[in-house]
Amino acid sequence: MESFFEKVYRVVRTIPRGKVATYGQVARLVGRPHAARMVGWAMSASSPARPVPWHRVVGAGGRLVISKAVQYFQIQKGLLRQEGVEFRGDRVIMSQFQWERGLRKASRRCSKKANA
DNA sequence: ATAATGACGTCTC
DNA sequence: AGAGACGCCATTA
């Protein structure tokens, strides 16, 4: 059986060069809208042995979730710029570089107080 | 089976 | 705009 990680990797591998997707976006594509954290975890779990373009996965709004203190922050930014992705400050210009696939009306609930 | 963890997302202050 | 709090969930110990 294909594990959750495998599905995530498979989706991430389909992200075209020069485009980026958000963790939540990938989560939706693998059928787990609320497992964005797992997607990120899958990325961290991916090793050089696993051919996954992890750098094309960014946080919501084009934010690079990885701490700036960590070297990976620069690595990811560098790799993306290398592919033609532009930044506005420390954020990817999503309006131009977000992967179109998986985009939806985004039923935003998640509101804990929505029930109140 | 329970508890802890983590490269997220959204709301509030 | 930046920081804190809570929710969600698969994988591990």
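Me: How many salt bridges does a search of the whole structure find?

Reply: This is a predicted model. A search of the whole structure turns up four salt bridges. One of them joins the side chains of Lys19 and Glu100, with N and O 3.0 Å apart. Lys19 sits in the loop between α1 (4-13) and β1 (21-22), while Glu100 is in the segment after α5 (94-97), so the bridge ties together parts that are 81 residues apart in sequence.

Me: Are Lys19 and Glu100 buried or exposed, or something in between?

Reply: Buried means under 20% relative accessible area, and exposed means over 50%. Lys19 has 18% relative accessibility, so Lys19 counts as buried. Glu100 has a relative accessible area of 48% and is therefore partly exposed.

Me: Which residue forms a salt bridge with Arg56?

Reply: Glu83 does, and the closest N and O atoms are 2.9 Å apart. This pair also links distant parts of the chain: Glu83 is in the loop between α4 (71-82) and β3 (87-88), and Arg56 is in the loop between α3 (36-45) and β2 (57-58), 27 residues apart. Glu83 and Arg56 are both buried.

Me: Where are the partners in the salt bridge of Lys77 and Asp90?

Reply: The side chains of Lys77 and Asp90 meet at 3.2 Å, N to O. Lys77 is in helix α4, and Asp90 is in the loop between β3 and β4 (91-92), 13 residues apart. Lys77 has 15% relative accessibility, so Lys77 is counted as buried. Asp90, with a relative accessible area of 30%, is partly exposed.

Me: How much of chain A is buried?

Reply: Of the 116 residues in chain A, 37% are buried. The accessible surface of the chain comes to about 7,600 Å², and 52% of this belongs to carbon and sulfur atoms.

Me: What is Val57 in contact with, leaving aside its neighbours within four places in sequence?

Reply: Val57 is in contact with Val12, Ile15, Ala21, Thr22, Tyr23, Val26, Met43 and Gln76.

Me: How is a pair of aromatic rings described?

Reply: The description takes the distance of the centres and the angle of the planes. The structure holds three aromatic pairs. One of them is Phe5 with Trp41, an edge-to-face pair with 6.5 Å centre to centre and 70° between the planes. Phe5 lies in helix α1 and Trp41 in helix α3, so this pair ties together parts 36 residues apart in sequence. Phe5 is partly exposed, at 28% relative accessibility, whereas Trp41 counts as exposed, at 52%. Another pair, Trp54 and Tyr72, is also edge-to-face: 5.6 Å centre to centre, with 85° between the planes. Trp54 lies in the loop between α3 and β2 and Tyr72 in helix α4, so parts 18 residues apart in sequence are tied together. Trp54 is partly exposed at 21% relative accessibility, and Tyr72 is partly exposed at 48%.

Me: Which residues form one aromatic cluster?

Reply: Phe5, Tyr9 and Trp41 do.

Me: What share of the contacts between residues at least 6 apart in sequence join residues at least 24 apart?

Reply: In chain A the share is 65%.

Me: What is the mean pLDDT of chain A?

Reply: The mean is 84, and 84% of the residues reach 70 or more. Over residues 105-116, however, the pLDDT is below 50, and beyond near neighbours in sequence this stretch has one contact in the model. Where pLDDT is low, the predicted coordinates should not be read in detail.

Definitions and conventions. Residues numbered from 1 in each chain as written. Chains lettered and ligands numbered in written order. Predicted model: local features only at pLDDT ≥ 70, side-chain atom pairs only at ≥ 80, totals over all residues. Heavy atoms only, no water. Buried < 20%, exposed > 50% of the residue type's maximum accessible area, 1.4 Å probe, protein only. Contact = heavy atoms within 4.5 Å. Areas by Shrake-Rupley, 256 points an atom, 1.4 Å probe, with all protein chains shown as cover. pLDDT = per-residue confidence, 0-100. Helix = DSSP H or I, 4+ residues; strand = E, 2+ residues; numbered from the N terminus. Phe/Tyr/Trp six-rings, centres within 6.5 Å; stacked < 30°, edge-to-face > 60°.
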